[in-house]
Amino acid sequence: MNGAAYLRSAGVVLGTSVAFTAANSTLVPLATPLFATFVLAGVAVSELMSPRPSRSGRPTAQLTARNIDTYLPPGARRQLRWLSLAVLVALPAVAVLIADSPIDPIGQFDAAGGLLRLAPTAVVLACWGLLARHLQRRITEAGHAGLDPQHLAADETWRRRAARLVHGTTGVLLAGTLSGAMFFYGQRHWMVFLGGWGWWMFGVVALAMASFLVFAHYLHLLIHPGPSGEVTAAAPREPAEALA
C-alpha cells in the first residue's frame, strides 16, 4: 500500500474505534457521525497527497455523454441501492429493539426516543449521499485534459479511480453503520441476557457477519480504488542518425 492507502485505512480504524467507544456510552447517537468524520477525513487527506494527471493543452469536451457505470464494477450501483434499503429497514428496527429493552445504554426505555436518536445518523448519511452523487456527476461531466493519447488514458484512469473511491466510501459508511449496529445489539443483548444464546442470537450474529463481509468488500474498494492516472514525463528521444 502507498501512503494514501495507509491514511484511508487509518481513518477507518480510528473512526471504528471512536464510534464503538461512543456507542457504549451516553454518546451513542454520535457513533455514526464520528465514524463518518474520521473516514471522510482520511479520504480527504489522502486525496490531497495523491497525484493528479498533468494537464496538457486546453480541456476538451466529449461528444458522447459518459455514464458513471463505465467507471464502476458491473452492477455496483444496484448493489449499493440494495445496501441502502437494508440500512433504511434495519437501523430503525435495531434502534427500537435497543431503546425498548434493558440493554439501552442511556437507560431510557422508549421506542420513540430510540428512533429520535437516529436523526444524526440519518442526516450524516443523507448529506454524504447527496455529496457523493454530486461528485460522481462532476467526475463524468468534466472535460478531458487535452487530446494527447497519453493524457487521455491517464484522464480515464483517474476518473475510474475517483469514481470507485467515492463508491467505496459510500459503501463503507453504509455497511459500517449497519454492521456496527448489529454487532452492538448482539453485544448488549449478550451482556444483559448472559447465556441467552438461542435462535434469536444466532440470527443477529449471522446478520452482523453478513453485513461485515459487505463492509469488507467496500473497504477493499476504498483502500485500493486503482492507480492515480499520473502522467510520467516521456523519456527524451535519441536524435535520429544522420543519413549516410
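**Exercise 1. Describe how helices α1 and α7 meet.**

The axes of α1 and α7 cross at roughly 145° and come within 9 Å of each other; axes are lines fitted to C-alpha atoms, for helices over the stretch in contact, with angles from 0 to 180 degrees between N-to-C directions. On the α1 side the contact uses Ala5, Arg8, Ser9 and Val12, and on the α7 side Phe215, Leu219, Leu222 and Ile223. By class, these residues are six nonpolar, one polar and one charged. Contact here means heavy atoms within 4.5 Å, and helices are DSSP runs (H or I, at least four residues) numbered from the N terminus. Nonpolar covers Ala, Val, Leu, Ile, Met, Phe, Trp, Tyr, Cys and Pro, charged covers Asp, Glu, Lys and Arg, and the others, Gly among them, are polar.

A word on the model before we go on: it is predicted, so local features need pLDDT of at least 70 and side-chain atom pairs pLDDT 80 or more, while totals for chains, interfaces and linings use all residues. Residues are numbered from 1 along each chain as its sequence is written, and side-chain values use heavy atoms, leaving out hydrogens and water.

**Exercise 2. Find the salt bridges and say where their residues sit.**

The rule is a side-chain nitrogen of Lys or Arg within 4 Å of a carboxyl oxygen of Asp or Glu, which gives three salt bridges.

1. Arg161 and Glu47 meet at 2.8 Å, N to O. This pair links distant parts of the chain, 114 residues apart, with Arg161 in helix α6 (residues 149-192) and Glu47 in helix α2 (residues 31-49). Both Arg161 and Glu47 are buried.
2. Asp69 pairs with Arg77, with the closest N and O atoms 2.9 Å apart. Asp69 is partly exposed at 38%, and Arg77 is partly exposed at 34%.
3. Glu156 and Arg159 meet at 3.8 Å, N to O. They are separated by about one helical turn, because they are three residues apart in helix α6. Glu156 is partly exposed at 23%, whereas Arg159 is buried at 1%.

Methods
Helix = DSSP H or I, 4+ residues; strand = E, 2+ residues; numbered from the N terminus. Buried < 20%, exposed > 50% of the residue type's maximum accessible area, 1.4 Å probe, protein only.
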